[in-house]
Every structure is written in C-alpha cells, then in structure tokens.
Amino acid sequence: MIEISDVTKIFKNKEGAGGPRLCGGPGGGAGGHHPGLYQQTKARLEALAKSIAEVYGGTAEVEWKDFTSPLINDPAATAEAQKTAVSLFGEEKVIRQRRPELGGDDFAEYILRVPGAYAYVGSSNPEKPNTELAHHNSCFDIDEDCLKVAVALYSCYTIEYLNGEV
C-alpha cells in the first residue's frame, strides 16, 4: 500500500503546488478535447506561418506528417480512471482537463479500437536535479518515486475494472 505522504513530496503541477498530479482528462495531444481540435490547431498554425511570411514579403507552405492519430480518451474509461485516482490520491491531486498539446503517442492507435484512457503521471521533483525538464530533453532524469504512483493507479484501476467496481 502506498502512503499518500510517500508521494506528495514527489510531484508538482505547472503552477508549482506540491503533490502528485494525475492528468486524465478527455484526451491529450492536439485532439485532446474534441476530434475537430486537431484540424483546427493545424489550420491555425498554417495561417500563422503564412501571415508571418507575408509580413516579410515571402510565402509559407506547411507540410504535415501525422505519425500518430490524435489521442482522444473515451469519456467512460476516463471517468472510471478518474474515480480510481481520486480514491487513491484525493480530488485535489487529479487534474481533469489538460491544455491541448501537439505531442502524440502510439496509445492513440489502441484507443481508436478499444475504449481507454491515457493518464499522465507527473514526475517532477524540485529536490532532484533535472526531473523538471521535458522528458525528451537529453538532461531529463526521472524521479523513480513516481513509478509508485503509476503502479498504484494502473493496478488499482485494473482490479476495480475486473471486479466491476468502476
């Protein structure tokens, strides 16, 4: 059993408040909040590139290479995962909405076929150098204590799902 006191010092959210923050809203990636957001984001970025080029007397053409589908969580699976996260860590530690981002993940391909929820588990710890950097930064260092949070969340959700409790 994980004690909340073991994990509250591990993470902080973007605003700097302490404690584990579990992000499991309707989705992640550019299509995170609704399916049309992905196309809307692309259109806005293309318009921005073209208007910047035009200011300098040039033109711009944007070529998109979509390597993964937009990651859009299933609402029912998301609600189930959030219920488990709240029971483990408390309401104040669960972020229900993330700002859309352009990141992608292969998991998006799975939840196109089988309903699921992609949850983010924070890993930043101000007491440990380089844990607050972006994950793909060459200097990033994971605070392995966050693995306790992830294991607790995923194993408890699995057990609750199999027992019909969520």
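**Figure 1. The loop residue N130.** N130 is placed in the loop between β3 (120-121) and α5 (146-162); helices (H or I, at least four residues) and strands (E, at least two) are DSSP runs, numbered from the N terminus. The structure is a predicted model, in which local features need pLDDT of at least 70 and side-chain atom pairs count only at pLDDT 80 or more, while totals for chains, interfaces and linings use all residues. Residues are numbered from 1 along each chain as its sequence is written, and side-chain values use heavy atoms, with hydrogens and water left out. N130 has a phi near 70°, a positive value in a residue other than glycine. Its relative accessibility is 39%, and N130 therefore counts as partly exposed; buried means under 20% relative accessible area, exposed over 50%, and partly exposed in between (1.4 Å probe, protein chains only).

Figure 2. A polar atom of the T131 side chain lies 2.8 Å from the backbone nitrogen of N125. A polar atom of the N125 side chain, in turn, lies 2.9 Å from the backbone nitrogen of E127. The side chains of N125 and D143 are joined by a polar contact of 2.9 Å. A polar contact is a pair of N or O atoms within 3.5 Å; within protein, one must be able to donate a hydrogen and the other to accept it, and residues adjacent in sequence count only if both atoms are side-chain atoms. Not counting residues up to four places away in sequence, T131 touches S123, S124, N125, F140, D141, I142 and D143, where contact means heavy atoms within 4.5 Å.

**Figure 3. The largest nonpolar core.** This core has 9 residues: A85, F89, V94, A119, V121, V149, A150, A152 and L153. Two or more residues come from each of the elements α3 (75-89) and α5. The largest share, 4 residues, is that of α5. A nonpolar core is a set of buried Ala, Val, Leu, Ile, Met, Phe, Trp, Tyr and Cys residues joined through side-chain atoms within 4.5 Å.

**Figure 4. Helix α3 and its two ends.** The 15 residues of α3 should span 21 Å at 1.5 Å a residue, and the end C-alpha atoms are 21 Å apart, which agrees; the expected span of a helix is 1.5 Å times one less than its number of residues. At the start of α3, a side-chain oxygen of D74 comes within 3.2 Å of the backbone nitrogen of A76. Just after the helix, G90 takes a positive phi of about 95°. The buried residues in α3 are A77, T78, E80, A81, Q82, T84, A85 and F89.

**Figure 5. E165 in the segment after α5.** E165 is placed in this segment and is partly exposed, with a relative accessible area of 46%. E165 and E80 are 85 residues apart in sequence, yet 9.0 Å apart in space, C-alpha to C-alpha. Leaving aside neighbours within four places in sequence, E165 is in contact with K83 and E160.

**Figure 6. Aromatic pairs.** The whole structure holds 4 aromatic pairs. One of them joins F107 and Y110 and is tilted, at 6.2 Å centre to centre and with 50° between the planes. Rings of Phe, Tyr and Trp (its six-membered ring) pair if their centres lie within 6.5 Å; planes under 30 degrees apart count as stacked, over 60 as edge-to-face and the rest as tilted. F107 and Y110 are separated by about one helical turn because they are 3 residues apart in helix α4 (residues 107-113). F107 is partly exposed, with a relative accessible area of 25%, whereas Y110 counts as exposed at 58% relative accessibility. The rings of Y157 and Y161 have centres 6.3 Å apart and planes at 45°, so this pair is tilted. Y157 and Y161 are 4 residues apart in helix α5, which means that about one helical turn separates them. Y161 is partly exposed, with a relative accessible area of 48%. Ring pairs also link F107, Y110, Y118 and Y120 into a cluster.
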